[in-house]
Amino acid sequence: MSPRRVTGGRLAWLGSLPFLAYVGLFLLAPTVIVAVGAFTDVANRPTLANIRVLGNRTVLDSFVNSIALSAASAVIGAVLGAVLAWVVVTGNPDGTLRRAATAVCGVLAQFGGVTLAFAFIASIGNQGLLTLALDQVGPRLSTGWLYQLPGLVLVYSYFQIPLMVLVFLPALDGVRPQWREAAETLGGSSWQYFRHVAVPLLTPAFLGALLLLFANAFAAYATAAALISQGAIIAPLQIRTALTSEVLLGQANAGKAIALGMILVVAVAMTLYALVQRRSARWLR
Amino acid sequence: MSAEVVPGVAPLVTGAATAAAGPGLRRRAVRRRQGLRVVLLVLFAAFFAVPLLALVEFSTRGSGGIGGSRSLSGWAQILDYPDLVGAILSSLELAVLTSVLSLALLVPTMVWIRLRVPQLSRVVEFLCLLPLTIPAIVLVVGWAPIYLWINYFTPRAYQSSPLALTFAYIVLVLPYSYRTIDAGLAAIDVRTLSEAARSLGASWPTVLVRVIAPNIGPALLNAAVLSVALVLGEFTVASLLNYVNVQVAMNNLSQQNSSVAYAVATASLAAVFLLLFLLSLASRRRTRGSSS
């Protein structure tokens, strides 16, 4: 056998060529197509016309709506998720509750799309279980809001809360019981411990999780698309409109400009997330 | 809401009070905290359970409304829609293709990187985790022209086959597969194993298939199951690139015959939940086995 160096020769990287080629073609190329396409017209000439689409009343509104929806569902998901995580973490660390909650949250955090939309239509839609059940005892529940922003906030909470539990549990685990005991020994009340020890310690982790939830909601498409079949009240649905009717609009690359706008919003959220994450890693490990 | 989080109705129990009144007050506070936990747990459980129960209820609703008789006709009629059955089969094929091909792409690369070009490992990690940051809805916009080319080069008879989605799905599962395989490889001594096999005359393919793969079996299974779960639930890419998988077919059908659509939704959800739940059970047994 010929002697080989521990790390390969100059050509060793060729072994990863299939992978790099695949990723280049199906991950990097689409990203470049979006980024470049946002600034070119159908004949590949540079133009700012697509970017100007972002200033359209409807498109601008859809971005505002998307950001409001993501922020609302992130705050609700983060607060309620933190409460649930607290309920779980104050139990036995090796108990059934802890194990079941982590397993269920792991599944539900990934749950979304058509089935989730169906589940909520089946609960509080026109013919939904809760709607019909309430019909028998009282006045009719209005159901139209399910297909608008408030409905989306509720439906998104269904995967945001479990995601928060998954992200926040490790942070809560990092809070040592000794710190609480120290606070009590010094005569501090539970409220003082909560206000002056737990909250300052957990704030970076909480903010990080909040940003992660924001990005998660902002990127979600399938649930909203299944719930709202007509119209485009949020940015991802604007992309659907652009993709399905771009010939009619005469703005072939408008969808790419909207997609680029989405990338920018997510990038800002993820950058902030990385910064916050670095800070929270200092204490809780 | 957040005010209730305060560990055990705190403001009343000051440190001085605890010291003066002894353990009794403290015990009461603990008991009240237990009560609060139970109430919250029930509320959360209801929030998560009701939509799922409603889904099952809707798919089995008979003629008499919610109080009326149960009917399985929605479930039975699934077979009456050949397009729907075709879409279900396509999704299953896609799931198998995606999980197998993504492993075939990732495992050799990651082993090779570890052994020969560790300086590339950060690049590969970055690339694999990138799909977490770029939303699928954005990638679809970039995939649309690429899929025009793919369609151009496929024989006419196969042009509408959703199996072409495999290319996109491999990208979507990259982050999950990468993480599980990376954890698997980190747990074994890849270098020693492969050098031992090589010195005994094994070829690289033999090393991969007969030495590395069996040693990271659980990680491979894990990655495959995650891929299957993701592909079975995928809607965004398929619907916007005009391919019909189970989610798209379900969504289209919900306008005409909702009970059949909801039956399929329930079935697909149950399948995914079961897969993921078995996975978490299996992985827990493994971690417990290895730690003891």
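Mentor: Gladly! Two residues are in contact if their C-beta atoms, placed from the backbone, lie within 7 Å. This is a predicted model, in which local features need pLDDT of at least 70 and side-chain atom pairs count only at pLDDT 80 or more, while totals for chains, interfaces and linings use all residues. Residues are numbered from 1 along each chain as its sequence is written, with chains lettered from A and ligands numbered from 1 in the order written.

Let's look at helix 7 (residues 149-174) and helix 9 (residues 190-219) of chain A, whose axes lie 10 Å apart at an angle of about 150°. (Helices, H or I of at least four residues, and strands, E of at least two, are DSSP runs numbered from the N terminus; axes are lines fitted to C-alpha atoms, for helices over the stretch in contact, with angles from 0 to 180 degrees between N-to-C directions.) Helix 7 and helix 9 of chain A are therefore roughly antiparallel (over 145 degrees; under 35 is roughly parallel, 65 to 115 roughly perpendicular, the rest oblique). From helix 7 of chain A come A:Tyr156, A:Gln160, A:Leu163, A:Met164, A:Val167, A:Phe168 and A:Ala171, which meet A:Leu202, A:Ala205, A:Ala209, A:Leu212, A:Leu213, A:Asn216 and A:Ala217 of helix 9 of chain A. By class, this contact has twelve nonpolar, two polar and no charged residues (Ala, Val, Leu, Ile, Met, Phe, Trp, Tyr, Cys and Pro are nonpolar, Asp, Glu, Lys and Arg charged, the others, including Gly, polar).

Now for a pair in chain B. Helix 4 (residues 82-115) and helix 7 (residues 166-186) of chain B pack at about 50°, their axes 8 Å apart, which makes helix 4 of chain B oblique to helix 7 of chain B. Among the residues in this contact are B:Leu94, B:Leu97 and B:Arg114 of helix 4 of chain B, and B:Tyr169, B:Ile170 and B:Asp182 of helix 7 of chain B. The contact of helix 4 with helix 7 of chain B divides into 15 nonpolar, four polar and two charged residues.

Stepping back to the whole assembly, 70 residues of chain B are in contact with 63 residues of chain A. Helix 2 (residues 23-59) of chain B gives the most to the side of chain B that touches chain A, with twelve residues. That side of chain B has 52 nonpolar, 15 polar and three charged residues.
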